[in-house]
Every structure is written in structure tokens, then in C-alpha cells.
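Morning, everyone. I'd like to walk you through one model today. Please have a look at it on the screen.

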Amino acid sequence: MPIRYLLSIARLCSFVAIAAFTPTSQASQAAPQLFGNIQLSAKAAAGQQPAWIKRYRYGRVNMPALSAASPGKSAKSGAAPAGAAVIELNLFADVTLTARLESARKTPSGNLVWHGVIDSGGEVVLARVGDSLAGTVYHAGKQYHIEYVGNGNYRIGEIDPTRQLTEPEPSASPLTKSPQSLPQAKNSKSLDDGSEIDLLVTYNQTARSAAGGTNGIQAKIESGVELINQALARSGIVTRINLVAMEEVSHGETGNVFADLNWAKYDPGILKLRNQYAADIVFYITQTGNFFGVVDPFLNHGNVNNYHATSQLRQDSLLDVGHFGHELGHLLGCDHAGDQGFAHGRSWSYYSFGYDGYPSHPYRTVVSKTVTPALQIPYFSNPGIAYAGHAIGSNGGPHPADNVRTINETAAIVARFRNSADRNPINIVPFIYPLLF
Ligand SMILES: [Zn+2]
């Protein structure tokens, strides 16, 4: 496990114990602020206001401050550029956080993502695509989203987890079309080992428009994938998500997540893209939906995965690992927490349950539903990890909760839904740049 992930675990765990933020350091006074203030009427802002945003304001982003912390513009030999890697997240008048951007990474699509820690506890993930930024901040048990809304404006919102959309139970419905056999790997000498799951994210024009344009929605996708990878790493999962492509598809949406998922599963255009990019799993992003997302049960994958291993997700759920990562967890064989009415039979194994410790422990993991007041934390269930003093999984009982074991076992299976060696040539330039160590 890379050392930066280990440090992230330690720091994330530590923020639980810190009840209040104390803005004292001189660094916070000297660091550039990420947001400039603007006054923008709700009418002037593009996009809809999700019901789960407790409070929000609009602002501009100080891109030069971020550019100074970008690969290629930093100090040589991996040293921290003086002052450039520290920014002030002036989210609200009463929430101003000092963030240290510890790593910047160039993604396969050539975009930049940053991961940083908050001095007073917590973390931040940011992604930039062209002129658009997106990100998520965790601090003191709260979650904030940074979303582009068009015309150079951003909405900074605090999330109310009690008002988030829920998710339908996946139904093990029979196939509506005849199964097709898997395409055989052309290069059988280099089968994928499961260290990476190749992801294709498609979105329609309605979702793109609501996210402020192509750069806006792609920044949210990049940021969401980075959040998922951070959650996988800190949970003890070996595999990472490799975002091989983001593509707009020309299709409307019904507002019914089952209908939209069904279209995406069988659309020949999406299947062509999936084969072109050798994508193991596929997401289809819509703007509307009666639930935040839906996915095919994992056990259908083994039947035929030309049509399966696909999820529908609303674009306003991309920045929440409890939504984007939740559906991805299902695609990798994870089940909900055991008392949430979801029985083994549609997941990988008897220990594939998520974790919800309410009421004795008010936290729940990524693949659990919003049925208790428990706060969702960016971890997958793992009996070997303690969060705020309690294990966030179990080996025994009626619903053993070990999504980490589950994903570590299913990753190599899913990674071979399409073999990476069969990918048509695309430009992949992974680049890790440690800013501070
Ligand atoms: Zn679910």
C-alpha cells in the first residue's frame, strides 16, 4: 500500500476525534483562498438544486492557486513548492479549512486530480478538467461538494445525509435478450490480474448540460473515481479503478432508473464503446431518476457480461462515494448491510454484507442503505479496521460483513470481463507526483 494512503487512513481516523475546528495557524493566513465570493441568484445558476444540499453558496475558483500545485510546475526532486501546496478552503463564512495537497495525479484522460488533508482533520479531493473543477471535502463528520454550474460559477454545498435519495432493491430479473458468450481474450498471455478494474462512464446530453458542460461533468466523474480509489485504499482493498474513458451518448432519459439501466445494458453503441476501451464495467449517468442509482445483481455477471456489469447513476450523485462507490461495490459483488432486507443470493458470498453499526456505533460503510441515522463513512466493510473505536465489519453472526474480502476476491474476475491487452490504442499516461513526500 502506498505510504500516502496509510497516512490518509491515520489522518482520516484522527478527524473523528476532533470535534471543533480551530483556525489558528499562520499557514492558513498565508495560503491562497480557493474561492472568490460572488452574488448569484438561484435563477441565474444552471442546474437543479438537489434536495440533500443543506446549505449552499456560489463562488468562483482561484485556478492559479491550484495550478501552482500541479505536476510540472512544482519544485524539482519531489520537494514541496514553497507555499504552493497549501490552500485555504473557504467553503462558508463559518467553515474555513487549511488543506495540504499531498499528491497530484494526471489521470489516463490527461486531467488532474489532487488529494489533500485538512490541518484540523479530514481530507479533500479535487479534479480539474479544462476550465472546470469538482471536488468533495470531508471534515468533522460533514461532507461538502464543489460543483461547476456553468458561466465560471461554482456551487459549494453542505450535504444533509438524512435527505439523500435512496436506492431500489436490484431485482434478479431474467435476461430479456439471449446471452452472448464472452469475447475471448486475443492476448491470452497477459490476462488482467485484478489490480485494476477498467471503467467506462457514459452520460447523456441532459446530464452534461446540468453539470455545466462537458468539462463540468467530466470533472465530477474524475473526482468521484478518485474518491472511490481513496476509499478502496484506506479500506485495505488492493484493486483500483482505472477510468479508461468518458463518453457522451445520444439518448434521452425516462426518470425511471430501471428503464434507463435497461437501455444502457443493451444499447449497441455503449457495447461498442465498452469493447473499444476494453472496459470491465460501465456506468450510464442521467440527470433525473426516482432513485440515485441502480445496478444489476452481481450474480448476473457470471451468466453473461456483454449485457451486464452496468449501472445507472444520477449526475448529482457522482461526488458522493456513498452513491457512486456504492453502485460500484455492487458491481464487484458487495451486498447491503445484513439488516437492510437484502439477502445473500445476489452478491458474491455469505460474508459480502456491508456494515451499519447503528445505534451502538453511529457509522455505516459505503455499501449500506440510508435506513438508519448512521453517518456513512468512506470505507468498505472490514472486520479488521476500527473506526471511532469499533470494528466496521464482522466475521461471524447472521450477516458477516467483509466487503474488502469480497472485492479482493472478485476483482480478478471482473477485471477479465474485458482484457486490457485487447484495448484499442488509447493514450494512457499514469503519473504520480508526491508533493510533500
Ligand atoms: Zn445498494
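I'll take confidence, then a sheet, then a helix pair, and finish with a hairpin.

Keep in mind that this is a predicted model. The chain has a mean pLDDT of 80. Of its residues, 74% reach 70 or more. Over residues 73–84, pLDDT stays under 50. The model still has 17 contacts there beyond four places in sequence. Residues 427–437 also have pLDDT below 50. That stretch has 29 contacts in the model beyond near neighbours in sequence. Where pLDDT is low, the predicted coordinates should not be read in detail.

Now the sheet. Which order do its strands take? Go across it and you read E11-E10-E12-E14-E13. That is five strands in an open sheet, with mixed pairing. At the edges sit strand E11, residues 240–248, and strand E13, residues 293–295. Each of those two pairs on one side only. From one strand to the next, the twist averages 20°.

Let's zoom in on one pair in that sheet. Strand E12 covers residues 281–286, and strand E14 covers 310–314. The two run parallel and are joined by five bridges. For one partner pair, find Tyr284: its bridge partner in E14 is Gln312.

What packs on the sheet? Helix H5 does, residues 214–235. H5 touches strand E10, residues 196–203, and E11. The direction of H5 makes about 165° with that of E11.

H5 has a helix partner too. Two packed helices are described by the angle between their axes and the distance between the axes. H5 packs with helix H9, residues 324–331, at an angle of about 60°. Their axes are 9 Å apart. Parallel, perpendicular or oblique, then? An angle from 65 to 115 degrees would count as roughly perpendicular, and one under 35 as roughly parallel. H5 and H9 are therefore oblique to each other. The crossing is right-handed.

Who meets whom at this contact? From H5 come Gly224, Leu227, Ile228 and Ala231. From H9 come Phe324, Gly325 and Leu328. Sorted by class, the contact has five nonpolar residues, two polar ones and no charged ones.

Last stop, the hairpin. Strand E17, residues 382–387, pairs with strand E18, residues 390–392. The pairing is antiparallel, over three bridges. Asn382 stands opposite Ile392 in E18. Two residues lie between the strands. Look at Ala388 in this hairpin: Ala388 takes a positive phi near 50°.

That's the tour. Questions, please.

Notes. Residues are numbered from 1 along each chain as its sequence is written. This is a predicted model: local features need pLDDT of at least 70, side-chain atom pairs count only at pLDDT 80 or more; totals for chains, interfaces and linings use all residues. Two strands pair if DSSP finds at least two bridges between them. Helices (H or I, at least four residues) and strands (E, at least two) are DSSP runs, numbered from the N terminus. Axes are lines fitted to C-alpha atoms, for helices over the stretch in contact, and angles run from 0 to 180 degrees between N-to-C directions. Two residues are in contact if their C-beta atoms, placed from the backbone, lie within 7 Å. pLDDT is the predictor's confidence in each residue, from 0 to 100. Angles under 35 degrees count as roughly parallel, over 145 as roughly antiparallel, 65 to 115 as roughly perpendicular and the rest as oblique. A crossing is left-handed if the near helix is turned anticlockwise from the far one by less than a right angle, and right-handed if clockwise. Ala, Val, Leu, Ile, Met, Phe, Trp, Tyr, Cys and Pro count as nonpolar, Asp, Glu, Lys and Arg as charged, and the others, Gly among them, as polar.
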